[in-house]
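This briefing goes through one protein chain, topic by topic. Look at the sequence and the model first, then read the points below.

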Amino acid sequence: QVQLAESGGGLVQTGDSLRLSCAASARSFSSYAMSWFRQAPGKERDFVAAISVSGSNTHYADSVKGRFTISRDNAKNMAYLQMNSLKPEDTAVYYCAADLAYNDSAHAASDRRTMDYWGKGTLDTVSS
């Protein structure tokens, strides 16, 4: 069982930056590809970014490419999402998710249907 806990959400203005953190309880954290998804009110939960078990490979949704950066620290059991140049359309609840991986791919962790564990989410609101 893996427990994930997000933190770092809040209310910011357009153009601001925010850094989300995800703390994982798993002793085998380095066996999981990590991802971030988000869900805006009334919409489906969408993929944002993923990182492979080693951290060498990443994958982003087109809507955040060039603005968001995913990273991880396997020694600390942590994953992060650095969000820059935030826009009102980035407003959503952001979820951290873990996918037990069998290779060093990030693309495999972009499908919410295959993720093994989820955090409870953190709300990010970007005002115009």
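**Salt bridges between loops**

R112 has a relative accessible area of 36%, so it counts as partly exposed. The model in which this residue sits is a predicted one. The side chain of R112 meets that of E44 in a salt bridge, with 3.5 Å from N to O.

- The bridge between E44 and R112 links distant parts of the chain, 68 residues apart.
- E44 lies in the loop between β4 (32-39) and β5 (45-51), while R112 lies in the loop between β9 (92-100) and β10 (117-118).
- E44 has a relative accessibility of 54%, and because exposed means over 50%, E44 counts as exposed.
- In general, side chains of opposite charge can pair when their charged atoms come close.

**Other salt bridges**

- How many salt bridges does the structure hold? The number is five.
- R113 and D111 form one of them, and their closest N and O atoms are 2.9 Å apart.
- R113 is exposed, at a relative accessible area of 73%, whereas D111 is partly exposed at 23%.
- Salt bridges with shared partners join R38, R67 and D90 into one network.

- D90 is found in the loop between β8 and β9.
- Is D90 buried or exposed? D90 has a relative accessible area of 1%, and buried means under 20%, so D90 is buried.
- In the salt bridge of D90 with R67, the closest N and O atoms are 2.8 Å apart.
- This pair also links distant parts of the chain: R67 is in the loop between β6 (58-60) and β7 (68-73), 23 residues from D90.
- R67 is buried, as is D90.
- Leaving out residues up to four places away in sequence, D90 touches R38, R67, F68, S85, D124 and V126.

- Strands β7 and β8 run antiparallel and are joined by six bridges.
- Across this pairing, R72 stands opposite A79 in β8.
- Four residues lie between the two strands of the hairpin, and N77 takes a positive phi near 55 degrees there.
- Which side chains of β7 are buried? F68, I70 and R72 are buried and point to one face.

**Aromatic rings**

- There are four aromatic pairs in the structure.
- F37 and W118 make a tilted pair, with ring centres 5.0 Å apart and 55 degrees between the planes.
- F37 is in strand β4 and W118 is in strand β10, so this pair links parts of the chain that are 81 residues apart.
- F37 is buried, with a relative accessible area of 1%, but W118 is partly exposed at 28%.
- What kind of pair do Y95 and W118 form? Their planes stand at 85 degrees, with centres 6.4 Å apart, so the pair is edge-to-face.
- Y95 belongs to strand β9 and W118 to strand β10, so their pair ties together parts 23 residues apart in sequence.
- Y95 counts as buried, at 12% relative accessibility.
- One aromatic cluster is formed by F37, F47, Y95 and W118.

**The chain as a whole**

- The protein chain has eleven strands and zero helices.
- The radius of gyration is 13 Å, close to the 14 Å that the globule rule gives for 128 residues, so the chain is as compact as a globular protein of that length.
- Along the principal axes, the C-alpha atoms fill a box of roughly 40 × 25 × 25 Å.
- Of the 128 residues, 43% are buried.
- Among contacts with a separation of 6 or more, 61% are between residues 24 or more positions apart.
- The accessible surface is about 6500 Å², and carbon and sulfur atoms account for 45% of that surface.

Terms used
Residues numbered from 1 in each chain as written. Predicted model: local features only at pLDDT ≥ 70, side-chain atom pairs only at ≥ 80, totals over all residues. Heavy atoms only, no water. Salt bridge = Lys/Arg side-chain N within 4 Å of Asp/Glu carboxyl O. Buried < 20%, exposed > 50% of the residue type's maximum accessible area, 1.4 Å probe, protein only. Pairing = 2+ DSSP bridges. Contact = heavy atoms within 4.5 Å. Rg over C-alpha atoms; globule rule 2.2 N^0.38 Å. Areas by Shrake-Rupley, 256 points an atom, 1.4 Å probe, with all protein chains shown as cover. Phe/Tyr/Trp six-rings, centres within 6.5 Å; stacked < 30°, edge-to-face > 60°.
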